[in-house]
Structure formats: C-alpha cells, structure tokens
Amino acid sequence: MVMWYFPPTNRNRILLTYTDIAQILEEGLCDKFVHGDRVLVIIPDGTRTAPVPALFCQICNLLLDQVAKLDFLIALGTHPPMSEEEILTHVGITRTEKQKLYSRVNLFNHTWKDPETLVTLTTISAEEVGEITGGLIQHPLPVTVNRKVLDYTTALVCGPVFPHEVAGFSGGNKYFFPGISGPEVIDFTHWAGALVSSSAIIGTYDTPIRRLINRASSEIPCSRYFINLVVHGDGLAGMYVGNDKNDAWLRAAKHSAELHITWMHKPVRQAFAVIPSMYDDLWTGAKGMYKLEPVIADGGEIILFAPHISELSYTHGKLLDVIGFHGTEYFKANWETYRNYPWTILAHSAHVRGAATYNNGIETPRIRLTLASQISKERCEKVGLGYSDPDLIDLTWWKNRKDPDYLYVPKAGEHLYRLHPQES
C-alpha cells in the first residue's frame, strides 16, 4: 500500500515541517525493511533543488540501526563527480560527523563512463524498443547500470519530481536510467527525447521515454522503493512514498504540475531568465531555455543571464565546440556525419537549439537564444548562440521592465511555462 502526503489544497501552499517529514518517512518505510537488508539510497546531485540534508539525517535515523547496510549513491548521470567536501556539504554533515555518527555509511558518486563500475542486466530487442518508442528508434538497447545495484537488497530512490525536457517529469525510475546508468541508456533516452522534442514532452506524464525508462528499470535485480518529493521554494510541499507498482510517482508528478507549471494565455516575444548558481555550466543551465521555449512567440528571444557560467559543459564541452547547436532536423539530414557522436550530446545540442527547420542546407531556428555569461562572444558565435555581455546588463532594469510581451524569470530551470492548449 502506497503512503503519501498531500497538504491542504489551498493557495497558501503549506510546507512540510521537519516533524512532518520524519513522520511520513517512518510511516512509509518502518515496516519495509528487516535487519538483514542492505539498502542503497539514490539521491540527486547539487543541480536539483531538494532538502537533501534533512532527508539524509532522517533516513539514517530511521534505518541505520535497523538494516545491515545503508549507503548513498549520487545519481550524476553524466554530470561531473562531486568532491568529498562537496558531498559532505550536500548531505549536510561535517567530516567529524561522518567519521563518528555515520562511519558505517558510504557516500558514492556514480561514474557513468567507467566500464568497471557498470553491469549489463539485459538487452532490450530492437523490436521492443521500436514498440515502446512508437517507432522513434529501432535499435537494441543494452541495459547498463551501476553494478552496485547487485550488492543491495533494496534501492531506495529519494529525489524531487519536476517537469523535465526528456522524460516529461523527473523522478521515480529516472534515477536509475539515466541517473546511474551507462552511456548506452543515457544516449538512447536523450536522443529519443530530442526526436519527440522537448517542447512536446516537457510537463507530460506518459511519454515514450518514460515508458522506455520504466521498461529498463524492471530489470533492476533488487527491490525498488521511492520517496518522491514535490519541492516548493526551499521546502517540501509533498512527499509520496511507495514502490513501482502503485501511483506514488504519478501523484507526485501531478502535484508538481500544480506547483511547477504556469499556464499562459498568449506567447511573449522575449524572456529574461536568471540562471541560478546550482547550474555551473550551460549543460545544466540550459534548463532555463527548455522551461521557457513553449511560451516564446515565433521569432522571439530567450536571454539566459548566467554571469557565473564559464563553460558549455565541463564533461562534453570539447565535443560541443565541434558540433555546435543544431535542431533535430539538421542532425537527421546529416546523420552519416553525426551518427557516431554520443547521442546524448546531439540531444543536448538539439534541446538548446529548440525547434528549427532545415531546408536546402539552411537551418532556421524558431526562436533566438542569447547567452550572457563568461563564455566569449567568439565561442558563442562559433557554436551558434547569441551573445550579450553580462557586465553591461542592468539586472534591475530587466527585473522591473513592464511589457506585456516580456517575461522575467528570477530563478529559471525548474518552473515550466506553457501555453493553454487553445492558445498553442
């Protein structure tokens, strides 16, 4: 039986207290584990808003003396690994506390490109992949995942649910694939998402990519259990605890849709998106573009204000310099040139470019994307982005600007803006 918490549906949006969180976790988890169980808790990295320190403490308080083993694995996907100091800060403990109170708890980074850390659970046939994706991709999919899942009796996913450009909504099984998977699954899911397009997928519950993720996750050999978080501001508006056979994730996604999607009646010509510091390169900071693209009028512009960002991607920047940013139609038309590049990078490139046509060798993006960051004008122009000098931007002016065809977003990346269906 799933256990969830849904606070009163009023516009005050009451947040859960520390006591609420403790009670929800106790009710949801206390009878799910026995003394011999080995539990691997899978958590987000610093690019997701979530009260990780409070949850780390509560989970440890609840389970550390109850189970035989309790460890944490950070679902990095292809994001850079966190240092030991960053991890300790991320879970909210000091080095002394780690050595004394949590000496039995291991804190792991996922390493997506190290074959020694991965295992192939099965290979989903090309025919089944084609059926699941509605014919988008017909290619066998090796289901590679962090081999630590073989060492535990339960994988406990604890992470937030937000509108997402590849899976529709994040959370749930997405923490396995692509969160702790190998490059094969990461490439597959992201490129399939690009073929559908971010603007069509984002903020929808049932997508071909979510179905593919769920199918791959069914091969996980240990039990799966989930703490699905609905974040509001710096706190939690809801927690949905359950296994993969109930609707805990879907309830969280529907709650997220209420809080994290703003429906607009008409598009705007220009949006100014302030990229928060938790996104330290364009690979993650481009979420500010994905969440705004659906409400930008044809020929309009998104300005990503990110004066702290100095890299396209700390992991994939060199390849992005070669490939640049292009729409899906461009890559499809030139597939023989690009097919051997990592599909994840092609997908990211297409998501950043957004909707674009490609006719007679000429690519025409639907909207313009301008980057105001430490990345130089020359490099922006080389990869196909617009450039604005962040030192010359008067943030107060942009914040206070009054224009019905303009949208200012103070913390871009997690909140989605969409047009009402009758207006889209």
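**Aromatic pairs and cysteines**

Across the whole structure, a search finds 18 aromatic pairs. The model is a predicted one. A pair of aromatic rings is described by the distance of the centres and the angle of the planes. For Phe56 and Phe72, the ring centres are 4.7 Å apart and the planes stand at 50°, so this pair is tilted. Phe56 belongs to helix α2 (residues 52–63) and Phe72 to strand β3 (residues 69–74), so the contact ties together parts that are 16 residues apart in sequence. Both Phe56 and Phe72 are buried.

A second pair is formed by Phe272 and Trp398. Their ring centres are 4.7 Å apart, with the planes at 20°; because planes under 30 degrees apart count as stacked, this pair is classed as stacked. Phe272 is located in strand β13 (residues 268–274), whereas Trp398 is located in helix α17 (residues 395–400), so the pair ties together parts that are 126 residues apart in sequence. Phe272 has a relative accessibility of 0% and therefore counts as buried. Trp398, with a relative accessible area of 14%, is buried because the value lies under 20%.

Aromatic residues also group beyond individual pairs. One aromatic cluster is formed by Phe188, Trp191, Tyr330, Phe331, Trp335, Tyr338, Tyr341, Trp343 and Tyr358.

Rings may also be considered together with charged side chains. The charged end of Lys148 sits over the ring of Phe108, at 3.7 Å from the centre of that ring. In the case of Arg401, the charged end sits over the ring of Tyr406, and the distance to the ring centre is 4.2 Å.

The cysteines remain to be discussed. A disulfide is a covalent bond between the sulfur atoms of two cysteines. How many disulfides does the count give? The count comes to zero disulfides. For Cys30, the closest cysteine sulfur is that of Cys158, 16 Å away, which is too far for a bond because a disulfide requires sulfur atoms within 2.5 Å. Cys30 has a relative accessibility of 36% and so counts as partly exposed. Cys57 is likewise in no disulfide, and the nearest cysteine sulfur, which belongs to Cys60, is 7.3 Å away. With a relative accessible area of 21%, Cys57 is partly exposed, because the value lies between the limits of 20% and 50%.

Note on methods: Residues are numbered from 1 along each chain as its sequence is written. This is a predicted model: local features need pLDDT of at least 70, side-chain atom pairs count only at pLDDT 80 or more; totals for chains, interfaces and linings use all residues. Side-chain values use heavy atoms; hydrogens and water are left out. Rings of Phe, Tyr and Trp (its six-membered ring) pair if their centres lie within 6.5 Å; planes under 30 degrees apart count as stacked, over 60 as edge-to-face and the rest as tilted. Helices (H or I, at least four residues) and strands (E, at least two) are DSSP runs, numbered from the N terminus. Buried means under 20% relative accessible area, exposed over 50%, partly exposed in between (1.4 Å probe, protein chains only). A charge sits over a ring if NZ of Lys or CZ of Arg is within 6 Å of the ring centre and within 35 degrees of the ring normal.
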